[in-house]
Amino acid sequence: MPLLDRHGAKADLWTRSEGAAIGNLSHALVAWAALPEALAQRSRDQRIGAVLPNTVRMSELKLVMRQLSLIAIGFPSFADGRGFSLARLIRNHGFAGSLRASGPLIPDQFAYALACGFDEVELPQESAARQPVEQWLTALGRISHGYQRGYGDSGNILDRRRAARLKHAAAC
Amino acid sequence: MYRYDEFDERFVRERVAQFRDQVGRRLSGALTEDEFKPLRLKNGVYLQLHAYMLRIAVPYGTLSARQMRQLALIGERYDRGYGHFTTRTNLQFNWPKLRDIPDILDLLADVEMHAIQTSGNCIRNVTADHFAGVAPDEIEDPRPTAELIRQWSSLHPEFDYLPRKFKIAVTGAAHDRAVIKAHDIGLRILRHPDTNEIGYEVVVGGGLGRTPMIGKTVREFLPKADLLAYLEAIMRVYNLEGRRDNKYKARVKILVHEIGTAEFSRRVEEEFARLDGPSVNADPAEVARIAAYFAPPAYEALPATSGAFETAKAGNPDFARWVETNVTPHRQQGYAAATISLKPIGAPPGDASSAQMRLVADLAEAFSLSEIRVTHAQNLVLPHVKLSDLFALWQRLGEAGLATANAGLITDIIACPGLDYCALATARSIPIAQAVAKRFADPARQKEIGVLNVKISGCINACGHHHVGHIGILGLEKRGIESYQITLGGDATETAAIGEILGPGLAAEDVPDAIERIVSVYLAQRRAGESFIDNVRRIGLAPFKAAFQEASHAVA
Amino acid sequence: MAAAKRPALPVILLANDLLDGDVVFATGDAHGLCWSRDPGAALIGHDEATADRLDAFAAAELGGQRVVDAYLVDVAVEGGVPVPRHYRERMKTTGPSVRRDLGKQADLPLAEAFTRTAFARA
């Protein structure tokens, strides 16, 4: 399925495993239910990613998070925003690997996804065909700065106001 | 009043460009209708029965004369010369074309306005006490808090695709005029009993709609500086755990109800303790920057009474009656707040023509330091009028049909647009409001009855707040006919209560008689000085039920 | 979005124009269908075959981004004019009952059948 990040379309290094059968895949993407079994049989140089339903509890995820190089959170529908909060929680808990939003998101959610801690979006063929990569990149740049502190690194309005205040105070 | 800085300005301009692009992608087929619909809703655009509808945000109900004039212009240029003020203190236009809406949004941005998040499953327009900054019983002006929340909630990356809509209200006074207990989050500004520090009581899980509930206190005292972090914790718990399997069970009130207030509170506190508050909260300088915009305006030093005002009252009973109902005391000596009723007898509640909007703008400039408020009761307020100007103001209002002396009385009816306009409605609301108002049109009778809130919704979604009306009317469909269910005993204030159903649904033409009967029971049974709602509480529903059922004939 | 369950015959097809929002009715003859703002001009589907044609037209027009909220409405034929049986769709056909100066009732010479069956004031 098509994959993109903030720079545009990208190749997918990851292969979805059949259940826990990760064989010798270098980057194996495993369903949440099969994860314990897959982790038990991984070899030293294999990278494991997990596909999570958006209902996963942080208390459970915390136990395995450090063994994962990628976490893909499922978006059953673009209107189901649980994945945004789950991503934020996962980042708040210190996950430093790749975070992927997987499902029929729309370009207008791209900036939100990145701000909540996602690195990339994996789309079903049908929505990618309707909404080419250029539309995603255009949508990403629509709103220069949001008001919320602590989301993304493009600089929020409150911190910019603060910086302007400090600069002004220094100049006076 | 708050004024946009360069960042706010850029933000709304970019939002307009974004919507223009979204419309373009809808027309090209890149966005399906299912994908476009939430996007347009989050910009206030509904598809109603006859046309699109645009709901414009009036944050915490505060408008400048200049903004009101721009709304009048939009009404004339792109609509049919009128608009409708809503119970969320917004303004709706009923006839805009989708092709024109980006241009309308540009005109709004010109006067520091927008339609962001006036619909959709996101945090909606934040409301506040319409007498904010004016009321003598106020602890602190709620508007700086509301403005901070407006900014924080605008295009929030994490909370724009919630299970359901989310409404926040703020009051800074002991007497609740903002219906905070019927909101997803209600904030009451208070002083800590021991330290005297200012903070918030946080009430969560109120709401009307299909399953009406009164909000529960989840935090007795939240220090002011922690507001945004605490809101983030609440929203995160709700976004992750609110139900998404059934839209009628998706509001936060259901989550609070299902897991219990204590458990909800525990989850919020746990998340609040875990997250890094200082990186989320606004710094004190930012809070102070916003608050400075709401500093008291430049009042004149005036005597506490005005001879001219007293003379006018003595010489003109109509004026005296208007003062009695529509004029509210002001904390500044020599000033008062004047309510402009948008409920002339027989007119659609909350509607104002472009000409009327323009007149109100002129009058605000002449008499109220250019400021206007919109109330959740669908009226307007000129908040800072000198006592000595009230007579002249009343005369000018009267010439435009805006001096109806009924604020808070039985003809000051709240009504949603109902089936005359709304695609969701199951029955009409406006004709019922008109019929009831006509029945009780006599000013002497209204005065005799005293404070009585009648609230009408044209469907279970309860935009007309019928659950918290002293008398509530809900329009439903029953076997292909409009049918109206009457509730009694609702209360929208700090003593909030949900009304109880009196009996079977009524045909439209029987509603005024039923209201008449209810009122008769009150008039016959009240004690000296006892208000309608106090009377209902004292004598209970039974006498009203008996009178109601005796004479009403339900829709067959 | 065509209704999942087809209403009882006879039916007409109505929708809102995507760009203007105005209520429009499918009209035409055996050769083809188009949209009209006039409810009196609506093509009446007396049989399943015509209702199928209206359904197919709705699907094509929704897909072509020309209309939204297209669905079949059951009507009573009064004096040759299709009047929706449900009061909600009658309202959609005439305009707000509290503002007779607005909507179709204001700017179209609506057939008497529509105004006769319009709402009595409560």
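**Figure 1. Surroundings of B:Leu390 in the predicted model.** Leaving out residues up to four places away in sequence, B:Leu390 touches B:Phe309, B:Val323, B:Val327, B:Ala336, B:Ala338 and B:Val385, where two residues are in contact if their C-beta atoms, placed from the backbone, lie within 7 Å. The model is predicted, and local features therefore need pLDDT of at least 70 and side-chain atom pairs count only at pLDDT 80 or more, while totals for chains, interfaces and linings use all residues. Residues are numbered from 1 along each chain as its sequence is written, and chains are lettered from A and ligands numbered from 1 in the order in which they are written. Together with C:Leu13, B:Leu390 has the most contacts inside the largest nonpolar core, which has 246 residues; such a core is a set of buried Ala, Val, Leu, Ile, Met, Phe, Trp, Tyr and Cys residues joined through C-beta atoms within 7 Å. Helix α6 (residues 227-241) of chain B gives the largest share of this core, 11 residues, helices (H or I, at least four residues) and strands (E, at least two) being DSSP runs numbered from the N terminus.

**Figure 2. Helix α12 of chain B and its cover.** In helix α12 (residues 317-326) of chain B, the buried residues are B:Phe319, B:Trp322, B:Val323, B:Thr325 and B:Asn326; a residue is buried if 20 or more other C-beta atoms lie within 10 Å of its own, exposed if 12 or fewer, and partly exposed in between, with C-beta atoms placed from the backbone. The elements that cover these buried residues include α11 (307-315), β11 (327-329), β12 (335-340) and α14 (390-399) of chain B.

Figure 3. B:Arg88 is placed in the loop between β4 (82-85) and β5 (91-93) of chain B, and is buried because 21 other C-beta atoms lie within 10 Å. Apart from its neighbours within four places in sequence, B:Arg88 is in contact with B:Arg124, B:Asn125 and B:Thr127, and the C-alpha atoms of B:Arg88 and B:Tyr60, 28 residues apart in sequence, are 8.6 Å apart in space. B:Leu369, in the loop between α13 (354-367) and β14 (371-374) of chain B, has phi near 50°, a positive value in a residue other than glycine, and is partly exposed, with 18 other C-beta atoms within 10 Å. Phi of B:Ala462 is near 70°, again a positive value in a residue other than glycine; B:Ala462 belongs to the loop between β17 (454-457) and β18 (471-478) of chain B and counts as buried, with 22 C-beta neighbours inside 10 Å.

**Figure 4. The open sheet of chain C.** Five strands of chain C form an open sheet in the order β3-β2-β1-β4-β5, with antiparallel pairing, two strands being paired if DSSP finds at least two bridges between them. Because β3 (32-36) and β5 (81-84) of chain C stand at the edges with a single partner strand each, one side of each is left without a neighbour in the sheet. The twist averages 45° from one strand to the next, axes being lines fitted to C-alpha atoms, for helices over the stretch in contact, with angles from 0 to 180 degrees between N-to-C directions. Strand β4 (residues 67-78) of chain C pairs with β5(C) in the antiparallel sense over four bridges, and C:Val75 has C:Pro84, in β5(C), as its bridge partner. Helix α2 (residues 87-94) of chain C lies across β1 (11-17), β2 (23-29), β4 and β5 of chain C and runs at about 125° to β5(C). In the segment before β1 of chain C, where C:Pro10 is found, the peptide bond from C:Leu9 to C:Pro10 is cis, with omega near -5°.

**Figure 5. The side of chain C that touches chain B.** Here 23 residues of chain C are in contact with 25 residues of chain B. On the side of chain C that touches chain B, the elements giving two or more residues are β4 and α2 of chain C, and α2(C) provides the largest share, four residues. The residues of this side divide into 10 nonpolar, seven polar and six charged, where Ala, Val, Leu, Ile, Met, Phe, Trp, Tyr, Cys and Pro count as nonpolar, Asp, Glu, Lys and Arg as charged, and the others, Gly among them, as polar. No contact joins chain A and chain C, whose closest C-alpha atoms lie 13 Å apart.
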